[in-house]
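Student: Before we discuss the wording used for this model, could you show me the sequence and the structure?

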There are 2 protein chains.
Amino acid sequence: MATIYQVSELAGVSLATVSRVMNNNAKVSDKTKQKVLDAMAQLGYQPNSIAQSLASNRSNSVGVLVSELHGPFFGDMMSAIEETLRYEGKHTIITSGHSDEKREKESIEFLIGRKCDALILHAEAVSDEYLLELEQRGIEFVLINRYIESLKNRCICLDNRQGGYLATQHLLNLGHRQLVYVSGPLWKQDAQARLTGHKQALNEANIAFTQAQLFEGDYRQDSGCKGLDYFLERGQKFTAIVCANDEMASGVMSRARQLGIVVPDELSIVGFDNIIYASYLYPTLTTIDYPIYDMGKMAAYSILKTVYNKKDVQVTPVFVPKLKVRNSSIQHT
Amino acid sequence: MATIYQVSELAGVSLATVSRVMNNNAKVSDKTKQKVLDAMAQLGYQPNSIAQSLASNRSNSVGVLVSELHGPFFGDMMSAIEETLRYEGKHTIITSGHSDEKREKESIEFLIGRKCDALILHAEAVSDEYLLELEQRGIEFVLINRYIESLKNRCICLDNRQGGYLATQHLLNLGHRQLVYVSGPLWKQDAQARLTGHKQALNEANIAFTQAQLFEGDYRQDSGCKGLDYFLERGQKFTAIVCANDEMASGVMSRARQLGIVVPDELSIVGFDNIIYASYLYPTLTTIDYPIYDMGKMAAYSILKTVYNKKDVQVTPVFVPKLKVRNSSIQHT
DNA sequence: GCTATAAATGAAAGCGCTTACATTTTTACT
DNA sequence: AGTAAAAATGTAAGCGCTTTCATTTATAGC
């Protein structure tokens with residue numbers, strides 16, 4: 001692999017000049033520039049970005065932490081970020097934390113060690129203190145789907161509470177009075193907030209919420225199935241079921257079908273996230289739109305603005321959840 | 001951020017010794033080792049992996065190229081690879097090529113520039129010659145879902161032709177005689193192979209295949225919808241439809257429902273890939289199992305074996321597609 | 001206790017770049 | 001043409017680590 005040294009030799013200039021034309025951050029006469037470019041082309045020169053990073057303490061790459069590398073939610077988030085950054089010539093390094101504190105930390109430290117210029121974190125398990133410490137250390141980062149008051153200018157958030165509220169309100173408006181709720185893992189901030197919204201809507205309608213109406217799932221399809229079974233086994237009466245995400249909702253739907261329960265006639269279902277599959281399910285799923293793609297984009301923009309000094313971008317950190325009514329929920333008769 | 005120099009100073013030893021205990025690749029007396037470890041802990045030392053890479057020409061990271069960062073197929077592939085490698089202390093850097101030659105090349109060169117120890121490529125658009133050239137350059141890599149004869153020991157493949165054959169054979173066995181086919185983009189090797197398998201099965205059953213029975217989609221849901229419309233508009237008669245992947249199959253299914261066509265009673269559908277959603281669709285989708293998760297794992301194992309000298313792994317590069325019969329296909333009466 | 005050998009440690013030269021500073025060349029003006 | 005300032009280029013010192021080779025220290029055998 002050709003190095004900058006060989007280029008400089010072939011072009012008959014110094015290392016510094018070659019470096020200058022590469023980064024084009026200083027004036028080089030057109031003539032020498034051409035000589036250098038020719039030499040590069042001739043040698044098939046590719047700068048060694050590791051060496052560049054070490055020398056410049058800059059990597060032109062931003063690190064991303066997601067919980068999982070699969071699934072529609074994170075898929076869209078990663079796509080949005082990568083597209084936006086690549087368009088500006090920045091690279092994306094992705095790691096996963098599996099919602100586990102140790103692994104999230106490891107991943108973050110790895111990204112820092114890789115000299116990422118900034119991080120975009122979907123950090124669920126790591127403590128607020130750790131994130132504050134990151135700020136102390138001077139690490140540039142942005143948080144997706146996590147709100148910390150003292151870090152609020154770094155948070156790209158959706159109002160999950162409001163989303164939970166909307167979902168439940170929708171069912172109440174349809175006349176449902178007996179609801180059950182399949183939540184996400186309650187140690188997660190978003191799962192808590194969504195549940196809080198649910199309770200709030202119930203409360204405003206003067207409907208009591210008891211522990212018996214709650215099943216704590218894990219955001220995966222299978223726990224939707226389990227949740228439905230759980231309520232059924234216990235003889236819980238309900239005409240509608242609110243799920244804290246679409247994947248669990250699709251699990252509920254699929255299990256209901258196995259059991260001969262007709263959706264939405266006998267059971268209304270509402271999800272959360274509006275993942276791509278929500279509109280391909282049968283019946284199509286009523287859900288809360290989580291604009292994760294746009295939020296990913298926004299996170300990237302925010303980095304471009306603060307770290308890479310791109311001026312002409314507008315950063316709006318607050319996103320509003322919207323109800324998306326489809327066919328899985330109908331009037332209770 | 002503490003550097004190795006400060007550690008060596010605090011521990012009262014040389015740089016070399018600190019490096020030795022970090023990599024523990026040379027004997028260091030227990031006493032000094034402890035001094036160094038203490039110093040590291042005290043300073044919260046984290047090695048700068050950029051510097052490590054530059055010095056050692058090794059990065060302990062492997063680069064992955066996928067077509068898209070979203071979607072169930074690539075999600076599973078990335079997860080499998082990352083999990084396997086992380087378990088061995090290796091890191092994963094992921095890039096996407098969007099099935100575009102220029103972007104695939106860019107991504108590959110980026111990964112090489114980042115001094116990845118090896119690459120795992122789902123390269124669709126790049127030429128065979130380019131891949132051969134990579135080998136010439138001494139780049140370590142493995143190909144997923146692409147077969148090149150002279151690189152066969154680097155290919156982790158599924159027999160797509162055989163998969164296409166099985167899908168169609170299944171429908172023929174069910175008595176269907178009028179089939180149509182929604183293919184993937186035909187410039188892609190896998191789309192071609194699947195179609196070839198389809199034709200072969202038809203041929204063995206003495207059924208002619210005409211251009212009118214083919215719609216070229218793009219592997220996305222929406223082109224399933226478009227495909228169904230296409231055949232319908234043209235007045236094509238068919239009792240079953242073979243789709244080159246599950247996403248298009250789910251598009252067909254969803255469009256059929258909109259049009260009041262009952263699946264499977266009036267139309268049998270078979271997909272390909274067996275993505276997670278296939279079993280959550282209604283009706284559940286008959287498909288060909290593509291063990292992408294296992295193939296991802298295998299790709300990672302192969303790298304562990306050849307590049308990181310992990311001995312106790314068995315690499316089986318050939319995977320066999322299997323028919324997964326569910327409810328979207330039934331006997332033709 | 002003394003030497004021969006092995007084990008542990010240190011010194012220093014890179015890895016391929018960037019960049020502050022020094023030097024040379026060009027340009028503009030009198 | 002001669003000078004001062006500006007522009008272009010070169011020199012060389014790092015960035016934080018690994019690794020070869022040299023040196024020192026410990027171990028064992030007599």
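**Helix packing and the DNA surface**

Tutor: In this predicted model, the crossing of H1(B) and H3(B) is right-handed. The two helices, residues 4–11 and residues 30–43 of chain B, pack with their axes 9 Å apart and at an angle of about 125°.

Student: Which residues make the contact?

Tutor: H1(B) contributes Gln6(B), Val7(B), Leu10(B) and Ala11(B), while H3(B) contributes Lys35(B), Val36(B), Ala39(B), Met40(B), Gln42(B) and Leu43(B). By class, the contact has seven nonpolar, two polar and one charged residues.

Student: What makes the approach of Asn23(A) to a phosphate oxygen of DNA strand C a polar contact?

Tutor: An N or O atom in the side chain of Asn23(A) is 3.0 Å from that phosphate oxygen, and the cut-off for a pair of N or O atoms is within 3.5 Å, so the pair qualifies. A polar side-chain atom of Gln52(A) likewise lies 3.4 Å from a phosphate oxygen of DNA strand C, whereas Ala51(A) uses a polar backbone atom, 3.5 Å from a base nitrogen.

Student: Which element gives the most to the surface near DNA strand C?

Tutor: That is H2(A), with five residues; by class, the surface has 12 nonpolar, 13 polar and three charged residues.

Notes
Residues numbered from 1 in each chain as written. Chains lettered and ligands numbered in written order. Predicted model: local features only at pLDDT ≥ 70, side-chain atom pairs only at ≥ 80, totals over all residues. Heavy atoms only, no water. Polar contact = N/O pair within 3.5 Å; in protein donor to acceptor, adjacent residues only side chain to side chain. Helix = DSSP H or I, 4+ residues; strand = E, 2+ residues; numbered from the N terminus. Nonpolar A, V, L, I, M, F, W, Y, C, P; charged D, E, K, R; others polar. Axes fitted to C-alpha atoms, helices over the stretch in contact; angles between N-to-C directions. Left-handed = near helix turned anticlockwise from the far one by under 90°. Contact = heavy atoms within 4.5 Å.
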